Amino acid sequence: MVAGLNGHAWFGLIVYFVTMGFVIRGWRIPLPLVISKPIISILCFLRLRDPPSLSKQPGGARLQRKQSPPLPPSSPLGNGTPQAGTGSGTESAGEGEGTLRPSLRSRSESKIGVVQGPSDQQVREGEEEDTLDEMDEQEQERLTVVVDLRTAPVAAVILLLMTKTIDGHDVRLGIVGEGGDRPYDVLVLFISLAYISTALDSTGGLRALSFYITQRAAKRPKNSPASGERIANGNILYSILYAFWFLAGVIVGNDPIILSGTAFLAYFTRFSGIPNPAAWTFSQFIAANVASAVLVTSNPTNVLLSGAFELNFLTGYTAWTILPSVITGLVAFPLTFYTYKIFSPPTSDPTVRGKSAHQYIPPQLLPPEVDPRSALIDPKGAYFHTGLMGVTLALIVGTSFVPGGKVHVWMVTAAGGIVAVLRDFWSERKPNPTPRLAATTTSVDEFELQPSQTPSTIVSGAGAAVAASTESSPPLSSPRGHSTRCSLPSFVAAFVRRFPTTSSTISRLPLSLLPFAGGVFVLSRALTSLGWTSIWAGWLAKISINPAATVFFLQYLITFVLCPIAGTNIGATTIMVQILREPAFLESSNVVADPRILKGAIFSTALASNIGAVSWTFSASLAGLLWVSILGQKGIKVRARDFAAWNLWFLPILSTTAAAVVLMQCYCFNFD
């Protein structure tokens, strides 16, 4: 069968795997100045960006740094560390053109009234600084082409179209689908529910609930004064948090838990005196991804499978996935707990080895004394988005029983997402001189700054970028009274200032999923039209001699191979859907003789696409990429080899458990 493939088929396969390589590890291509300058000129002419010289004008970034006074030495920001919303520490305390940078001694003397003129050394330093600034501006004009999961799939589709490997019909089938397969359902559902979940997180609801749980788990020892510290049992608190992550993952999915829970764990483990947060962060990551297999709405891969095989969301999908997910989650808890109880964090200090305080899960913890209400930014918004999420999920399940499939998933989820967006805009219809996002989180963030003297304000997720844009954006009018240049950056800056909370929510959305998933859908469809999925379906039919061989083979293939190298679990599921729907598999003698083989293949794929996020690469799922990125922002570095080492111990046990339960259901249960 392979011998009958033409050159387009082989070219399409090569393009697919090269694209997946870029998805796993992105590539940045700096453009030379001779190419960058014309492109920048065109972008500036089209008002898509501001010219580089704008920073030299009054009201620009350099003038703003000149007007900012130097920080006092006693301030935790006076050590040259960058402040939130500014550039480097040198720039935040530095001066603009023609102004000399004072030394530490001259700063201290100026504080007590001693004024000194610039020395020759300072003049030379100032001239060198101006020269470096000019070189930096020239370097900033160099554009960089980023080839990663955001751009590689779309570029690959364009390349296949240009070479006539595929045509417009393949692109349409990849996005619109055919029969019960509607890939656009995945895009609309995921981005709509992601907005509702992220908006709920922006209100501080999930963070406040996390603080409340840790506070309830802590108690004051007997005979201790009322002002004494509350102590929590580390084992009990670990168990409570694991159960919380699992239940929340079932309801809202894995991505909202990663968005809100990861930042909380970074804060909690640091101030509870936990030397290494691996046990807490990995348990959260595992619980959220195992739990996301329960409901169709918890993961885009679930929507893809249920739509491709026209499964009822409740009786056709959840009835088959709830038991494997719950049992796998129950196995994962003691597995992670005792793994991290047996092993201790590596340390070079022999005096702390073996001590109870130097453990992944210490026996006693001191949770931070933070009022959960101080983390609640918008109480009304928290109640509204919680209710909206519940209503939307209930409608999705309810409308799945409508005969004829007249109500599609995107109709319900798009309506819910639009309502959430309109509510957020309405809540900020009146300009607020003190934005809720910055004003209300102060109490939590101030408490966070005191013990560690950390200079940066904690803004969850990508909201930090929005806060930085708000601080560094140019004013609406320059000091000379002339209006600023009308351009896309000025419009975005004005929008951020006018709607701070809504813009924070939008900035935290996984918008990169849209071009990535759309491109992967088209590439997978291209493999089908080129004949590759038919060949692979024939190979799978030969392996699937019985339900057991099918379930375990697909479970290990997807979790260990396809999720890491086929463009995350979304890419792996897209390929498997195409293979399982091929006549070479559906009409094979083994599948026709034993319908349990098809059932086992479908739901083994469902469990594997969720558990496969806990694989040996970060790029096995978008949740993994998001998880490691947030931890890095919070100062917790997770090395790729550590991620692979822990997960290669957990993954075989979890995959085997899930496959065994799915196989048991194929033989013992009948949900039809």
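The lining of the second largest pocket divides into twelve nonpolar, five polar and four charged residues. In this count, Ala, Val, Leu, Ile, Met, Phe, Trp, Tyr, Cys and Pro are nonpolar, Asp, Glu, Lys and Arg are charged, and the others, Gly among them, are polar. The model is predicted, so local features need pLDDT of at least 70 and side-chain atom pairs count only at pLDDT 80 or more, while totals for chains, interfaces and linings use all residues. Residues are numbered from 1 along each chain as its sequence is written, and side-chain values use heavy atoms, with hydrogens and water left out.

The second largest pocket holds about 540 Å³ of space. Its lining has 21 residues, and Leu509, Pro510, Ser512, Leu625 and Leu626 are the closest to its centre. Two or more lining residues come from each of helix H12 (254-271) and helix H30 (622-633). H30 gives the most, with seven residues. Helices (H or I, at least four residues) and strands (E, at least two) are DSSP runs, numbered from the N terminus. A pocket is an open set of points on a 1 Å grid over the protein atoms alone, with protein on both sides within 12 Å along at least five of seven lines. A cavity is a set of points where a 1.4 Å probe fits but cannot get out, and lining residues have an atom within 4 Å of a point. Grid points are joined across faces, edges and corners, and a volume is the space filled by probe spheres set on the points.

Six cavities of 30 Å³ or more are present in the structure. The largest cavity has a volume of about 120 Å³. Of its 16 lining residues, Phe190, Ala194, Val252, Asp255 and Pro256 are the closest to the centre. Helix H9 (183-202) and H12 each give two or more residues to this lining. The largest share, six residues, comes from H9. By class, the lining of the largest cavity has eight nonpolar residues, seven polar and one charged.

The second largest cavity has a volume of about 90 Å³. Its lining includes Leu173, Gly174, Gly177, Glu178, Asp181 and Pro183. Leu304, Phe521, Arg525, Thr574, Val577 and Gln578 also line the second largest cavity. Helix H8 (168-175), helix H23 (513-529) and helix H26 (568-580) each give two or more residues to this lining. H26 provides the largest share, three residues. Five of the lining residues are nonpolar, four polar and three charged.

Several of the helices also pack against one another. Axes are lines fitted to C-alpha atoms, for helices over the stretch in contact, and angles run from 0 to 180 degrees between N-to-C directions. Angles under 35 degrees count as roughly parallel, over 145 as roughly antiparallel, 65 to 115 as roughly perpendicular and the rest as oblique. A crossing is left-handed if the near helix is turned anticlockwise from the far one by less than a right angle, and right-handed if clockwise.

H9 and helix H16 (residues 379-399) have axes that come within 8 Å and cross at roughly 155°. H9 and H16 are therefore roughly antiparallel. Their crossing is left-handed. H12 packs with helix H10 (residues 205-217) at an angle of about 45°, and the axes are 10 Å apart. H10 and H12 are therefore oblique to each other. The crossing of H10 and H12 is right-handed. For helix H11 (residues 234-252) and helix H13 (residues 278-291), the axes come within 7 Å and cross at roughly 30°. This makes H11 roughly parallel to H13. H11 and H13 also cross in a right-handed manner.

Three strands form an open sheet in the order E3-E4-E5, with antiparallel pairing. Strand E3 (218-219) and strand E5 (364-365) stand at the edges with a single partner strand each, so one side of each is left without a neighbour in the sheet. Two strands pair if DSSP finds at least two bridges between them. Strand E4 (residues 231-233) and E5 run antiparallel and are joined by two bridges. Asparagine 233 stands opposite glutamine 364 in E5.
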